[in-house]
Amino acid sequence: MENWIFATGSFWSLVPPIVAIALALVTKEVYSSLFAGVVIGAFFICQGDFSVFLGAIFKNGLVAKVSDPWNVGILLFLVVLGTMVALMNRVGGSAAFGEWAKKRIKTKVGAQLATICLGVLIFIDDYFNCLTVGSVMRPITDKYNVSHEKLSYLIDSTAAPICIIAPISSWAAAVSGFVEGEDGLGLFIKAIPYNFYALFTLLAIVLVVVWKIDFGPMKKYESAKEIIQAKMDENHIPEGKGKVIDLVLPIIFLIIFCTIGMIYTGGFFASGKEAKGFVDAFAASDASIGLVLGSFAALLSTVVLYISRGVLRFGKCMECLPAGFKAMVPAILILALAWTLKGVTDTLGAKEFVAGVVSGGASGFMNLMPAIIFVIAAFLAFATGTSWGTFGILIPIVVAAFSGIDYNLMIISISACMAGAVCGDHCSPISDTTIMASAGAQCEHVNHVNTQLPYVLYVASISFVTYVIAGFSRSAILSLLVGAALIVGGFFFIKKKLV
């Protein structure tokens with residue numbers, strides 16, 4: 001079929017993820033929606049060949065993606081973290097920390113601000129951020145009747161937005177690797193002041209918490225928080241007599257060992273000329289392997305800690321392994337389907353289609369390109385569910401288009417690409433970071449997406465305006481001031497309307 005209508009490298013390549021996302025938002029059921037997107041993509045690929053159709057779904061789809069080394073590492077990391085959360089709950093460390101924090105955190109606002117602060121402090125990796133902040137803060141936010149939807153929003157808004165403006169993070173390493181012929185880390189640092197979506201998101205969540213702004217679907221779930229609290233209390237009854245240290249030390253283990261794991265994979269501990277400095281090792285790290293090594297070391301240390309303190313026997317510790325895996329099954333299933341959908345989209349040529357759209361418009365709209373790139377990156381990340389994939393597609397194009405022509409505009413456009421990718425990632429129900437935020441807060445995934453969407457779209461619209469301003473003015477300060485004024489003014493108006 002030479003004239004097959006579903007040609008690769010066309011808009012058709014984005015149809016499967018768009019259908020999957022639309023179905024998820026309409027039906028509130030994410031598993032079948034993702035699988036439907038995979039099936040549609042496989043139909044486009046097969047060109048009437050049934051064996052190719054089946055292969056696109058299973059052999060080259062689910063089986064290939066679940067067995068991919070990088071993805072296997074992420075799944076193992078999820079299981080280990082789930083096990084650690086189960087251990088901390090079983091020993092009573094989470095409950096003890098909740099009681100300790102309740103005496104010091106006196107209000108619902110304080111509990112949410114503490115969640116934001118912890119999210120800001122854990123800037124190494126977004127997966128690590130989502131699951132760690134969720135496990136630590138959920139007992140505290142539960143006590144102050146913060147809905148799991150609200151907790152998911154706070155976690156998601158302090159995961160990728162923090163990582164994308166932190167020079168020492170797995171995201172900085174990824175972005176630096178996509179910049180060829182330039183100082184990747186140097187460009188990343190220079191782009192931070194222009195990363196408007198990330199910066200405005202952090203401002204927005206503080207205002208939302210302090211001014212108690214709940215609108216859209218979020219308002220409904222905040223009012224249903226007592227029911228959620230009752231369910232959670234039944235499922236997390238500790239067996240041990242743990243103390244605060246039984247939660248704090250495992251978290252410290254995670255932070256230290258995951259950092260060591262990251263720089264180990266980047267060559268920090270290599271000998272001779274192969275050895276690299278801390279920053280270079282982080283830039284060259286393999287986050288998937290590093291996080292597995294670090295989390296496994298933290299798990300072993302936690303088991304030794306609990307046994308040596310006599311708060312949990314070895315047999316009870318081992319019972320947490322299947323419990324942790326079971327807790328992560330929904331997130332693992334969604335990730336597996338989302339990765340398969342991304343693979344189908346790649347096969348259909350989404351990268352080539354978007355690359356052609358961006359490079360074709362670069363010459364005619366130079367000053368508007370940051371705003372245009374922001375929108376394209378947001379749409380691509382939304383449709384494919386991957387920020388890193390969006391970086392890999394767009395950043396090389398931006399560097400090629402602006403390098404040697406307009407260095408400042410290149411920096412602004414690179415930042416627009418990163419900001420748009422994070423924005424689209426936030427909106428997308430097939431995004432792994434969004435899935436992790438739901439898992440960390442133990443929130444229904446589609447509920448998290450629906451409640452977060454109005455806040456994301458508001459910040460995104462203001463970010464678009466500031467990229468238009470930055471494209472013409474080349475000024476980060478002016479753009480930030482205008483954007484911050486619009487964020488504050490808009491939320492103040494919403495607050496008055498809600499009263």
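**Close-up views of a helical protein chain**

**View 1. Helix 4 meets helix 18.** In this predicted model, helix 4 (residues 69-91) packs against helix 18 (residues 314-347) at an angle of about 140 degrees, and their axes are 7 Å apart. Angles over 145 degrees would count as roughly antiparallel, so helix 4 and helix 18 are described as oblique to each other. The crossing of helix 4 past helix 18 is right-handed.

**View 2. The residues that make the contact between helix 4 and helix 18.** From helix 4, look for Asn71, Ile74, Leu75, Leu78, Val79, Gly82, Thr83, Ala86, Leu87 and Arg90. Helix 18 answers with Lys316, Cys317, Glu319, Cys320, Leu321, Ala323, Gly324, Phe325, Met328, Ile332, Leu335 and Trp339. By kind, the residues of this contact between helix 4 and helix 18 comprise 15 nonpolar, four polar and three charged.

**View 3. A closer look at Ala323 in helix 18.** Is Ala323 buried or partly exposed? Its relative accessible area is 32%, so Ala323 is partly exposed. Ala323 and Leu87 are 236 residues apart in sequence, yet their C-alpha atoms are 9.1 Å apart in space.

**View 4. Stepping back to the protein chain.** Here you can trace 25 helices and zero strands. Of the 499 residues in the protein chain, 56% are buried. Among contacts in the protein chain with a separation of 6 or more, 80% join residues 24 or more positions apart. The protein chain exposes about 19700 Å², with 68% of that area supplied by carbon and sulfur atoms.

Terms used. Residues are numbered from 1 along each chain as its sequence is written. This is a predicted model: local features need pLDDT of at least 70, side-chain atom pairs count only at pLDDT 80 or more; totals for chains, interfaces and linings use all residues. Side-chain values use heavy atoms; hydrogens and water are left out. Helices (H or I, at least four residues) and strands (E, at least two) are DSSP runs, numbered from the N terminus. Buried means under 20% relative accessible area, exposed over 50%, partly exposed in between (1.4 Å probe, protein chains only). Contact means heavy atoms within 4.5 Å. Accessible areas come from the Shrake-Rupley method with a 1.4 Å probe; for residues, only the protein chains shown count as cover. Axes are lines fitted to C-alpha atoms, for helices over the stretch in contact, and angles run from 0 to 180 degrees between N-to-C directions. Angles under 35 degrees count as roughly parallel, over 145 as roughly antiparallel, 65 to 115 as roughly perpendicular and the rest as oblique. A crossing is left-handed if the near helix is turned anticlockwise from the far one by less than a right angle, and right-handed if clockwise. Ala, Val, Leu, Ile, Met, Phe, Trp, Tyr, Cys and Pro count as nonpolar, Asp, Glu, Lys and Arg as charged, and the others, Gly among them, as polar.
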